Amino acid sequence: MSSKEQLVNTSKDHLGLLETKLNGLLKPVIPRPEFVNSLRQRIQITTQPAWVSRFNNIQFILILVAGVLSGVIVVTMLARLLVNNLVSGKKSTGLM
Amino acid sequence: MPDLDESEILAKASQGDRDAFGFLYERYVERIFNYVYYRTGNVHDAEDITARVFYRALHHIHNYHDRGVPFSAWLYRIAHNLVANWHRDRSRKQEIPLTEVPTIKYKGDAPEQSVVHIEERENLLQLIQELTPDRQNLLILKFIEHMSNAEIGQIMGRSEGAVKSLYHRTLHSLREEIGDELTEE
C-alpha cells in the first residue's frame, strides 16, 4: 500500500470514528410532557374552529350588503327630499 | 384524522380546523423541539422558541403552499429563522453558558453519563455550536433526525450533492478541531 493510500485510509478511519462518536453523543431528546400539553392547549384555544371562520365570512358579507342597501336608501331619501323641496319652491314662486 | 393524507390535513388546518392543526402539532413538536434544543443548548430557550415556531405556523399556515417543499421543511425554516434571531439577540445581551447540563430525558439510550463522557459530550457540543449555522443544521438533521441528504437538501434549500459535500467538509473541520482527543475506546 502506498503512503498516499495509507493517508486516505487513516483519514477515512478518523472520519468513521468521528461519525460513530457523533452518533453516540447526539441523541434525540424528549420535551417535557407538561410543556407539550400546555402548548397544545394554548394553540387550540388560539385556533378558531372552522365554523367560526366560515361564520365570520358570512357575517362580513351580510354586513357589507346591509351597509350598501342602507346607503342606497339614505341617498334615495335625500334625493326625494331635495326634489320635493325644489318642486314646492317652484310652486310657491309660481303662485306669487 | 390519522387516515387523512397530510395535504388534506394541511388544507383543513389552513381553514382554521383546530383538530387538524393539533394533529400536525403532535406530529412535529418533538422534532422541532430537538432541532431547537441542539441549536440553543438549553431547555428553557428551546421550549420558548418551539412555542413561537408553532404560533407562527398557526398564524401563517394559510401562506403555506406545497410546491415540492414538505410541511416539515417549512416548519424547520421557521425554527431556523427564530433560532438565528435568538443568537443575534443573545450576542447583544449577557453570555449564558452554551453547554448547560440539560435536565432532559433522552429518547432511547441516553449518552454515556460517566464523568469522562459528560466532559467529552460537552466539548463536542461546544465545538458543534461554534460551527456555522448551516453546518449545525446539517449535523442535527443527520444525527438526531436521521434524515437523508435529499431530505436535508429540501430543508436547507440545497442540492443533495451540495449537502454531501458540506457534510464532508464539516466532518473534516470537526476532526481538525478535535485533534488528538479523538480516540477509539
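Reader: How many helices and strands are there in chain A, and what makes a stretch count as one?
Author: Chain A has three helices and one strand, where helices (H or I, at least four residues) and strands (E, at least two) are DSSP runs numbered from the N terminus. From the N terminus on, these elements run α-β-α-α. This is a predicted model, in which local features need pLDDT of at least 70 and side-chain atom pairs count only at pLDDT 80 or more, while totals for chains, interfaces and linings use all residues. Residues are numbered from 1 along each chain as its sequence is written, and chains are lettered from A and ligands numbered from 1 in the order in which they are written.

Reader: Why is Trp86(B) called partly exposed?
Author: A residue is buried if 20 or more other C-beta atoms, placed from the backbone, lie within 10 Å of its own, exposed if 12 or fewer, and partly exposed in between. Trp86(B) has 18 such atoms within 10 Å and is therefore partly exposed. Trp86(B) lies in helix 4 of chain B and, leaving aside residues up to four places away in sequence, touches Thr40(B), Asp45(B) and Ile49(B), a contact being a pair of C-beta atoms within 7 Å.

Reader: What makes helix 7 of chain B roughly perpendicular to helix 8 of chain B?
Author: Helix 7 (residues 149–156) and helix 8 (residues 160–178) of chain B pack at an angle of about 100 degrees, with their axes 8 Å apart. That angle makes the two helices roughly perpendicular, since angles under 35 degrees count as roughly parallel, over 145 as roughly antiparallel, 65 to 115 as roughly perpendicular and the rest as oblique. The axes are lines fitted to C-alpha atoms over the stretch in contact, and angles run from 0 to 180 degrees between N-to-C directions.

Reader: Which residues touch the most other members of the largest nonpolar core, and what makes a set of residues a core?
Author: A nonpolar core is a set of buried Ala, Val, Leu, Ile, Met, Phe, Trp, Tyr and Cys residues joined through C-beta atoms within 7 Å. Of the 35 residues in the largest one, Ile32(B), Val36(B), Leu75(B) and Ala79(B) touch the most other members. Helix 2 of chain B gives the largest share of this core, 12 residues.

Technical notes. Two residues are in contact if their C-beta atoms, placed from the backbone, lie within 7 Å.
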